[in-house]
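Please read it beside the sequence and the structure shown below.

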Amino acid sequence: MNEKKFPDGFYWGAATASYQVEGGIDNCDWAKAAREERVPVCGQACDHYHRYETDFDIAKSLGHTAHRFSIEWARIEPEEGKFNQEAVAHYRNVLLALHARGIKPFVTLWHFTLPLWFSESGGFERADSPEIFAQYCAFVVKELDDLCEHFSTQNEPNVVGSNGWLRGTWPPFKRFALTDLVSITNSGKSYEPRSQRGFKPLFLYMRVMKNLACSHNAAYIAIKKVSPNIEVSVVKHTIVFDSNWNPINKLKAAIANYAWTRIYMNRVKKHVDSIGLNYYFYTKFGDKRQWRKTDMDWNFAPEHIYDALKMLSVYKVPLFVSEAGIADADDSGRAEYIQKQVQATWQAIQDGIDVRGHMYWSLLDNYEWALGFEKRFGLVEIDYNTLERRIRPSAYVYKDICQHNAVLE
Ligand code: BGC
């Protein structure tokens with residue numbers, strides 16, 4: 001057995017997102033979509049809003065030294081320009097609870113859900129969305145910067161854009177008429193979204209993607225004004241598009257990587273102190289291999305996190321794995337998946353890529369967006385009837401890695 005040691009101070013932990021775990025959020029676009037029966041109801045979710053101390057006790061018992069979570073914009077700014085101090089106090093308590101357990105917080109300012117006043121008035125289609133987003137981000141950072149050094153502005157902008165404006169499976173349910181011909185990922189089967197179809201969504205998608213990048217840049221500048229020393233990142237969903245020998249497939253992969261990862265990153269690259277990688281997908285054009293599948297029906301390809309880290313390393317800022325994980329209800333493949341993705345991350349570091357941390361998705365089973373609660377990503381299983389938490393066996397395999405700051409091969 002060969003021990004692969006990580007650099008001292010490497011951060012180990014897991015991630016969650018507000019809407020997926022907290023429960024009790026009814027003033028955002030997803031809650032409205034659920035009331036309209038276009039996506040599953042989230043309801044109390046894991047009740048993490050009230051049980052975060054228990055959940056952080058579990059994270060600590062599992063050897064975690066870092067935790068990524070998100071702030072719910074709709075709680076902080078329930079009406080345009082009106083900020084709720086009770087919500088701020090809640091997230092301050094969450095941060096204090098992490099510090100009390102020696103866990104370093106990584107805060108994401110926006111993870112998919114939008115306050116209703118913003119989504120109803122056009123959301124990121126609005127020309128002034130960058131200023132609105134920047135104002136919200138700067139407000140939160142100013143309130144929390146004594147308790148957190150690391151803020152990510154946006155989680156997976158491309159996933160929001162493609163599911164919302166091309167596939168039409170997520171709010172605001174606009175669907176580009178030709179989308180069935182294009183393979184866009186991260187939604188699997190969906191509820192009945194009743195999308196509006198047409199060609200216009202493609203133009204709106206392009207506008208939204210541009211506004212999202214401008215919003216990140218505006219937020220970066222606004223945050224640096226209020227808290228110059230805060231580390232600001234973006235969390236980028238990175239699909240690895242690969243190909244066989246065929247030059248046409250090579251071209252397809254190059255175009256797909258450019259469209260999915262490079263366009264957005266090129267727009268924000270001057271305004272990032274670090275980048276979070278969310279890795280779930282490896283796809284190879286011209287590939288005949290029959291892949292083993294996860295419960296999401298995604299290829300079981302944890303080792304290709306290496307290629308995703310390599311793709312992001314060209315921006316020459318530190319990277320951290322902000323999400324990577326597997327839906328695996330019976331926990332039969334999770335330990336292997338984690339070990340392989342961690343080994344590949346180690347290899348990336350050996351090859352000179354500056355990776356600072358690894359956060360498994362997710363600490364808890366949670367609301368998997370348009371798929372509801374059926375898919376199980378958690379290190380910790382949730383019984384949604386009793387809200388009982390049960391640590392899965394694979395969580396102990398990860399614990400061993402976290403505690404030894406090393407993985408065996
Ligand atoms: C998202 C999470 C989601 C996970 C699994 C990521 O794209 O950030 O919210 O649960 O993938 O689909």
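Predicted model: local features only at pLDDT ≥ 70, side-chain atom pairs only at ≥ 80, totals over all residues.

How many cavities of 30 Å³ or more does the count come to? The count comes to three.

**Cavities**
- Three cavities reach the size of 30 Å³ or more.
- The second largest cavity holds about 70 Å³ of space.
- Its lining is made up of 14 residues.
- Among these lining residues, E22, H48, F69, S70 and Y91 lie nearest the centre of the second largest cavity.

**Ligand surroundings**
- There are 15 residues around the ligand.
- Q20, H111, E156, E323 and E368 are the ones that come nearest to the ligand.
- Sorted by class, the shell consists of six nonpolar, six polar and three charged residues.

**Polar contacts and cover of the ligand**
- The side chain of E368 has an N or O atom 2.6 Å from an oxygen atom of the ligand, and E368 is also one of the residues that come nearest to the ligand.
- In W369, a polar side-chain atom lies 2.9 Å from a ligand oxygen atom.
- For W361, the distance between an N or O atom of the side chain and an oxygen atom of the ligand is 3.3 Å.
- On its own the ligand has 310 Å² of accessible area, and the protein covers 100% of that area.

**Cysteines**
- How many disulfides does the structure hold? The number is zero.
- A disulfide would need the two sulfur atoms to be within 2.5 Å.
- Is C28 buried or exposed? With 0% relative accessibility, C28 counts as buried.
- C42 has 5% relative accessibility and counts as buried.

Notes
Residues numbered from 1 in each chain as written. Heavy atoms only, no water. Near = heavy atom within 4 Å. Polar contact = N/O pair within 3.5 Å; in protein donor to acceptor, adjacent residues only side chain to side chain. Areas by Shrake-Rupley, 256 points an atom, 1.4 Å probe, with all protein chains shown as cover. Nonpolar A, V, L, I, M, F, W, Y, C, P; charged D, E, K, R; others polar. Buried < 20%, exposed > 50% of the residue type's maximum accessible area, 1.4 Å probe, protein only. 1 Å grid on protein atoms, 1.4 Å probe; cavity = no way out; pocket = protein on both sides within 12 Å on 5 of 7 lines; lining within 4 Å. Points joined across faces, edges and corners; volume = space filled by probe spheres on them.
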